[in-house]
Amino acid sequence: MPRVLTGDADAPGRAPAARRRPRHPRPAVRAALLGYLAVRAAGVLLLAGWAGPVGAAHRLDGMWDAHWYRQIALHGYAGTPPVPGPYGPYEAYAFFPGYPLLVRAAALLLPVGAAALAVAWAASLAAAGGIFAVAARLYGDRAGVCAAVLWGVLPYAVVESAAYSEPLFTAFAAWAVHAALRRRWVAAGLLCAAAGLTRPTGAALALAVAVAALLEWARPGPGAAGRRDPRALTGALLAPLGCAGFVAWVGWRKGRWDGYFRVQDAWQSRFDLGRSTLLAFRRLLTAAEPVWLADVVAAGTLLAAVLLLALSALRRQPPVLLLYSAAMLALALGDAAYFTSRARFLLPAFGLLLPLATALARTRGRAVPAVLLGAAALLSAAYGGHVVLVYPDAP
């Protein structure tokens, strides 16, 4: 079993963290980021070869949710008109503001489509760095490199290169978990609040960080006084502010406390305790007509996530990471929205990749991980092209 490092970086008896940190990035950091860039570049290049550079860029910065983010960045929420749908009008208020606000800022220098992709690509690189940092802290640099590259070869990794909010949310989530592991509770709470302004799954991250911070705060400190750490309580209070604040704002704009949830009705997005997921699995197993490849991949991703969560628990991942993964999986399984989107919803649950990353890191030599990750990169690129250019529904 790999060694888990969960202690504070500045714990008594150790050299101060500032003295132990190298002034320049470690080779492993560069390897993680370059490896991630390489596998994502393969996906984008295959897409460009399939649809042409202009066609690929048009799809990546304008398909499905990306269109809504662009409209919000250009016109704001009130200026983005609703679109009629079978279950009610689709409205911009369903989308959180963190990503389109950054796109709007970047659009001061770039065309809005290029700005949307630039923000997403920069965020995906920051996310890969955060995933490396968490995995390397817990299991060593080699596992960190494997985890960052694994995130870039997931079936729906094409979304990491599209104008979607998942890359930005994953960046905030990874660095929030890293801050929590280092017991930097105020930083963790602020990053968690920022994540909560980016996607509704910020609620899962807020739960994990707040619980971990409260457990830390409830534990008496060393010494006779036994004072509790007020920074932990501050982090716990900050964590849910982003997500709760946006939901409250939408409710205020709609004139009812549940306004955000009523907006989501158009997408049939509600928590039904997994009933819709079970029905989707039953349809896959009993349907007489052919099914889309995306449905099979989504089902396989959900089953794999359940197994990986069990392995994560057996390997005794830190509570903040394990609770975050469990909450993300619960939301993916319990949502009643599009079944094929569940795999995309799980992209930010990077903790589920750590059992695979540690297994790759334990292999002797570099050939086996390189071959496996290279093959996964090609499969991910091919499937990403299918999702973006062939599959008719949202990824």
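Biologist: Why is Arg-262 called partly exposed?

Modeller: Bear in mind that this is a predicted model. Arg-262 has a relative accessible area of 36%, and since buried means under 20% and exposed over 50%, Arg-262 is classed as partly exposed.

Biologist: What makes the contact of Arg-262 and Asp-258 a salt bridge?

Modeller: The side chains of Arg-262 and Asp-258 meet with N and O at 2.8 Å, and because the cut-off for such a pair is 4 Å, the contact qualifies as a salt bridge. Asp-258, at 8% relative accessibility, counts as buried, because the limit for that label is under 20%.

Biologist: Are Asp-61 and Arg-70 buried or partly exposed?

Modeller: The side chains of Asp-61 and Arg-70 meet in a salt bridge at 3.3 Å, N to O. Asp-61, with a relative accessible area of 10%, is buried, whereas Arg-70, with 23%, is partly exposed, because the boundary for buried is under 20%. Over the whole structure, the search finds 12 salt bridges.

Biologist: Turning to the rings, why is the pair of Phe-96 and Tyr-260 called edge-to-face?

Modeller: The search of the whole structure finds 20 aromatic pairs. In the case of Phe-96 and Tyr-260, the ring centres are 5.5 Å apart and the planes stand at 85°; because centres must lie within 6.5 Å and planes over 60 degrees apart count as edge-to-face, the pair is given that name. Phe-96 lies in the loop between H4 and helix H5 (98–106), and Tyr-260 in helix H13 (residues 259–263), so that the pair links parts of the chain 164 residues apart.

Biologist: What is the geometry of Tyr-260 and Phe-261?

Modeller: Their centres are 5.6 Å apart and their planes at 80°, so this pair too is edge-to-face, because the angle needed for that label is over 60 degrees. Tyr-260 is buried at 4% relative accessibility, while Phe-261, with a relative accessible area of 40%, is partly exposed. One aromatic cluster is formed by Tyr-77, Tyr-93, Phe-96, Phe-246, Trp-249, Tyr-260 and Phe-261.

Biologist: How do you know that Cys-192 is in no disulfide?

Modeller: The search of the whole structure finds 0 disulfides. For Cys-192, the nearest cysteine sulfur is that of Cys-243, 9.0 Å away, and because a disulfide requires sulfur atoms within 2.5 Å, Cys-192 is in no disulfide. Cys-192 counts as buried at 0% relative accessibility, and Cys-146 counts as buried at 5%.

Technical notes. Residues are numbered from 1 along each chain as its sequence is written. This is a predicted model: local features need pLDDT of at least 70, side-chain atom pairs count only at pLDDT 80 or more; totals for chains, interfaces and linings use all residues. Side-chain values use heavy atoms; hydrogens and water are left out. Buried means under 20% relative accessible area, exposed over 50%, partly exposed in between (1.4 Å probe, protein chains only). Rings of Phe, Tyr and Trp (its six-membered ring) pair if their centres lie within 6.5 Å; planes under 30 degrees apart count as stacked, over 60 as edge-to-face and the rest as tilted. Helices (H or I, at least four residues) and strands (E, at least two) are DSSP runs, numbered from the N terminus.
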